[in-house]
Amino acid sequence: MDLGYGDATAVVVGGGRGMGFAAARCMAEDGAKVAVVGRTRAVLDRAAAELAAAGSPDAVGLVADVTDRAQAEAVFAELAERWGGRLNVLVNAQGPSVRGTFEQLDDDQWRLAVDEGVLGMVHCVRAALPLLRRAEWARIVNFSAHSTQRQSAVLAAYTAAKAMVVSISKNLSLLLAPDEILVNVVSPGSIATEALTGWAASVGVDGNDPSALMAAIDEHFGHPAHLPRTGLPEEVGPVVAFLASRRNSYMTGANVNVDGGSDFV
């Protein structure tokens, strides 16, 4: 299916690996000019090379810590110069790294969760809006998580930050509707990213076995799914790519679960 990305410009923050990269790859394959933003140069260089091979010959990786407003603004200033002052797509796939129960978390950890999970997104949206408004069509997709709908005790600050993402996104969808800038949220479930497979190894589970990995998630977090396996980043990427595409012309303010049915257990 042609998603209408020909000659479009797209930036995926947190797009160097995992679900963000999977979304960026879908856009590249459909003809978009893609930039990925993250903190690690080697990861971004590898991602940009793969995106170029996939169909975005001018793909670029930009190093920035977007929790720093000045660094976020510098990214979009560079993209404005590179792409003639317009931007069609912003995807915020970054998220907080903080884990722990309510009683385990100190004030600094709560602040870090909000910085990484919320303020980084806010900085990027704010810096991108002038470019999005100049484009013929524009979309924003932000990543939340299914834990906002099914709580886990060890993800207190992480889930709180992701819930803020949903609230802010819904507010933006209302604010930007007159400009026909569509804003949606994707809430992945248990997806076999590097972080999740790394955790699996720490508890003696083969992270490459989707069924075993889901059983471990059920045991440790109480988050089973109707489908008896974890998902893959490649199963999230196309959903994000559609929501961020020109083909999505009337869907805004939605929170889309990609979770194997776990929201309905």
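Thr197 touches Ala192, Gly207 and Leu213, when residues up to four places away in sequence are not counted and contact means heavy atoms within 4.5 Å. The model is predicted, so that local features need pLDDT of at least 70 and side-chain atom pairs count only at pLDDT 80 or more, while totals for chains, interfaces and linings use all residues. Residues are numbered from 1 along each chain as its sequence is written, and side-chain values use heavy atoms, with hydrogens and water left out. Helices (H or I, at least four residues) and strands (E, at least two) are DSSP runs, numbered from the N terminus.

**Thr197 and its setting**

- Thr197 has its place in helix H6, and with a relative accessible area of 23% it is partly exposed, the terms being buried for under 20% relative accessible area, exposed for over 50% and partly exposed in between (1.4 Å probe, protein chains only).
- Between the C-alpha atoms of Thr197 and Ala8, which are 189 residues apart along the chain, the separation is 34 Å.

**Helix H7**

- Helix H7 (residues 210-221) contains 12 residues and reaches 16 Å from its first C-alpha to its last, close to the 16 Å expected at 1.5 Å a residue, where the expected span is 1.5 Å times one less than the number of residues.
- Leu213, Met214, Ala216 and Ile217 are the buried residues of H7.
- They cover an arc of only 160° around the axis, which puts them on the same side of H7; the arc is that of the directions from the helix axis to the C-beta atoms.
- An α-helix has 3.6 residues a turn, so residues three or four places apart point the same way.
- The buried residues of H7 pack against helix H6 (194-202).
- At the N-terminal end, Asp209 caps H7, with a side-chain oxygen 3.1 Å from the backbone nitrogen of Ser211, and H7 is followed by Gly222, whose phi is positive, near 70°.

**The sheet**

- Seven strands, in the order E3-E2-E1-E4-E5-E6-E7, form an open sheet with parallel pairing, two strands being paired if DSSP finds at least two bridges between them.
- Strand E3 (60-63) and strand E7 (255-258) stand at the edges with a single partner strand each, so one side of each is left without a neighbour in the sheet.
- Strand E1 (residues 9-13) pairs with strand E2 (residues 33-38) in the parallel sense over 5 bridges, and Val12 stands opposite Val36 in E2.
- E6 and E7 run parallel and are joined by 4 bridges, with Val258 in E7 as the bridge partner of Pro188.

**Buried polar residues**

- Asn184, found in strand E6, counts as buried at 0% relative accessibility.
- A polar atom of the Asn184 side chain lies 2.6 Å from the backbone oxygen of Met251, and a polar atom of that side chain lies 3.0 Å from the backbone nitrogen of Ala254.
- Leaving aside neighbours within four places in sequence, Asn184 is in contact with residues including Ile140, Asn142, Leu243 and Thr252.
- Ser152, in the loop between E5 and H5, counts as buried at 5% relative accessibility, and touches Phe221 and His223, residues up to four places away in sequence not being counted.

Terms used:
A polar contact is a pair of N or O atoms within 3.5 Å; within protein, one must be able to donate a hydrogen and the other to accept it, and residues adjacent in sequence count only if both atoms are side-chain atoms.
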